[in-house]
Amino acid sequence: MNIKLDKHTPDNLASLFVLLMEEGITPNQMMAGIVRLASDTRELEGTIVSVDCLQFLLDAMPVDNSAVGVTEYISSLAAEGVSTLMLLDALGFACYVRGLFDSASIIRLTYQRLQADKIISQMLRD
């Protein structure tokens, strides 16, 4: 498996997630912030299968709310123009770099499905 960041995802976001993991923050703890950002911004609203994709991801990687500061910080990145898809892309990459291949695969699959869903839903609306 060779995971690369999407051209829209800032490299520093993936670097941040790698550093957080090196300090003991788990992908599940970071997922809390990502889910909160997705909920707060309603970015995925109006897409066809987004809820199912996120439900699958959350079943495989249950959210851990024990890192409140990390959750707050990640969810605040919406103000900087960071999207749910960027966060999932960066988290999948960080998991891959840290050798968490199962998590990287699940996150990457979710990212790809949500990205495709967003494009298809937009085409159907147009």
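1. Helix 1, helix 2 and helix 5 are among the elements that cover the buried residues of helix 4; contact here means heavy atoms within 4.5 Å. Helices are DSSP runs (H or I, at least four residues), numbered from the N terminus. This is a predicted model, in which local features need pLDDT of at least 70, side-chain atom pairs count only at pLDDT 80 or more, and totals for chains, interfaces and linings use all residues. Residues are numbered from 1 along each chain as its sequence is written, and side-chain values use heavy atoms, without hydrogens and water.

2. Val70, Thr71, Ile74 and Ser75 are the buried residues of helix 4. They lie on the same side of helix 4 because they cover an arc of only 125 degrees around the axis, taken from the directions from the helix axis to the C-beta atoms. The face turned away from this buried side carries the exposed residues Val68 and Gly69. Buried is under 20% relative accessible area, exposed over 50%, and partly exposed in between (1.4 Å probe, protein chains only).

3. The largest nonpolar core has 34 residues, of which Leu13, Phe17, Met30, Leu87, Leu88 and Leu91 touch the most other members. Such a core is a set of buried Ala, Val, Leu, Ile, Met, Phe, Trp, Tyr and Cys residues joined through side-chain atoms within 4.5 Å. Helix 5 gives the most to this core, eight residues.

4. Leu87 touches Leu13, Phe17, Ile34, Leu37, Ile74, Leu77 and Val82, leaving aside residues up to four places away in sequence.

5. Val35 is in helix 2 and counts as partly exposed because its relative accessibility is 26%. With the sequence exclusion of up to four places, Val35 touches Leu58 and Val63.

Notes
Helices (H or I, at least four residues) and strands (E, at least two) are DSSP runs, numbered from the N terminus.
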